[in-house]
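Work each one from the structure before reading its solution.

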Amino acid sequence: MLSGKNILLGITGGIAAYKICELVRIYKRANANVKVVCTPNALNFVTKLTLQSLSQNDVATEQFEIDNFKPEHISYADEADIFVIAPATANTISKIANGIADNLLTSIVAAFKKPIIIAPAMNCNMWSNPFVQENLQKLINNGFLTVPPESGFLACGTTGEGRLASLDKIFDKTVEILNCKNKILTGKKVIITAGGTIEDIDPVRYISNYSSGKMGISIADCAYSQGAETILITTKDVVKPYKVIKVKSALEMQQAIFDEFDDTDYIFMAAAVADFRVKNFNEQKIKKTESNEMTIELIKNPDILKSLCDKKANSNSSVKIVGFCAETENLIDYAKAKIKNKGCDYIVANDVSRKDIGFSSDENEVYLIDKNLDVEKFEKQSKALIAEKIIGEVYAKSRNLCNIK
Ligand code: PMT
């Protein structure tokens, strides 16, 4: 979403500087080119090496480290599309407002002709200091953009206004200014599973189901068009402009999701995972015998969805996990039981007894159920439109998590 955009990220000397390492990653995941400039004081809170590794660029602090014909602050100001200063301390805000350019960061500001976003962060008493407010107002009056701080627990131990705005807000503001708005999953990593798993009996036979993968692939297409770093894990052969991991069995699917799990923001489990696999896979083709009967012993597959929810519960991941529920009767009741048993954040229920929706068809009709067991129906329509509705609603509800018990 930020592909081709050059973001200059300025870090000043406040404790919130440690959060900016994550902001660098968010910008990078949105394909931006990120260069970081720190005030000397910022390096008391974060290291150059961390920021260099995350931004994959040199980190500048010193004004007089000139290695090309242009002074550093001028080339930085020329190259970037936007300058985001986060956290911006009272000291830096006040210097900029008064035209002071006594370090590399403030010198770049003085030479910068494109949008500058200021995200202040400081102790609540410093924030309410009239000189700081006056200086910030001066910046706003001169076209600087701000992402105001929030109220909450502050690093100094008190509670009040002054905490750095959420990284989402800073990112959203950057996207908005760079005219890249309306893509709700920009900077988010999304995993989608699709298709029925294939459980081999012998080299020529297998157990599977009627899932075509269309529902999951529609969700992946939608996530991609909404700017997400999209990873489709599927049993189907597809070529897409995003990452596709081809798997076969439930075990392979589980491994692939676990390998990709870190930093994921949303998981949509639209795959029809076989509940059982063959206990003893036959290396050779099973031969016909005289007997009219044959028994294949099955063993339970792991419940991938449940294992993901357990992994989330035992980590500090904030991934939103969306399960699907395919039933032929008592759809809503079974779906409500599943969201509880599996522990996912949402479940999408569809009736797979109908021929016009569910398995293989191009259309679907679904119910989206959240943890409060609130049910929302999406009437029959193409799977592409259903995917848009699911993603839009899950995104909207997840941004308002306080409503979810
Ligand atoms: O692929 P299509 O032809 O387009 O059809 C779409 C669909 C009907 C397959 C899809 O909309 C759907 O309902 N997918 C879920 C199918 C399913 O396995 O439902 P379930 O109720 O059996 O399982 C509940 C959830 O647990 C699902 O998210 C499933 O992915 C997951 N699961 C199930 C078993 C298992 N061992 N591990 C799992 O993770």
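**Exercise 1.** How many Å is an oxygen atom of the ligand from an N or O atom in the side chain of Ser 211?

Solution. The model is a predicted one. In it, the distance between an oxygen atom of the ligand and an N or O atom in the Ser 211 side chain is 2.6 Å. A polar contact requires a pair of N or O atoms within 3.5 Å, so the pair at Ser 211, at 2.6 Å, qualifies. Next, take the backbone. A polar backbone atom of Ile 304 is 3.0 Å from a nitrogen atom of the ligand, and a polar backbone atom of Leu 305 is 2.7 Å from an oxygen atom of the ligand. The ligand on its own has 760 Å² of accessible area, of which the protein covers 95%.

**Exercise 2.** Describe the shell around the ligand by residue class and by secondary structure.

Solution. Start with the count: the ligand is surrounded by 29 residues, and Ser 211, Ser 212, Lys 338, Asn 350 and Ser 360 are the closest. By class, the shell has 15 nonpolar, 8 polar and 6 charged residues. Then assign elements: at least two shell residues come from each of α9 (214-225), α11 (304-313), β17 (320-327) and α12 (331-342). The most come from β17, which gives 4 residues.

**Exercise 3.** Is Leu 298 buried, partly exposed or exposed?

Solution. First locate Leu 298: it is in strand β16 (residues 298-300). Its relative accessible area is 41%, so Leu 298 is partly exposed.

Note on methods:
Residues numbered from 1 in each chain as written. Predicted model: local features only at pLDDT ≥ 70, side-chain atom pairs only at ≥ 80, totals over all residues. Heavy atoms only, no water. Near = heavy atom within 4 Å. Polar contact = N/O pair within 3.5 Å; in protein donor to acceptor, adjacent residues only side chain to side chain. Areas by Shrake-Rupley, 256 points an atom, 1.4 Å probe, with all protein chains shown as cover. Nonpolar A, V, L, I, M, F, W, Y, C, P; charged D, E, K, R; others polar. Buried < 20%, exposed > 50% of the residue type's maximum accessible area, 1.4 Å probe, protein only.
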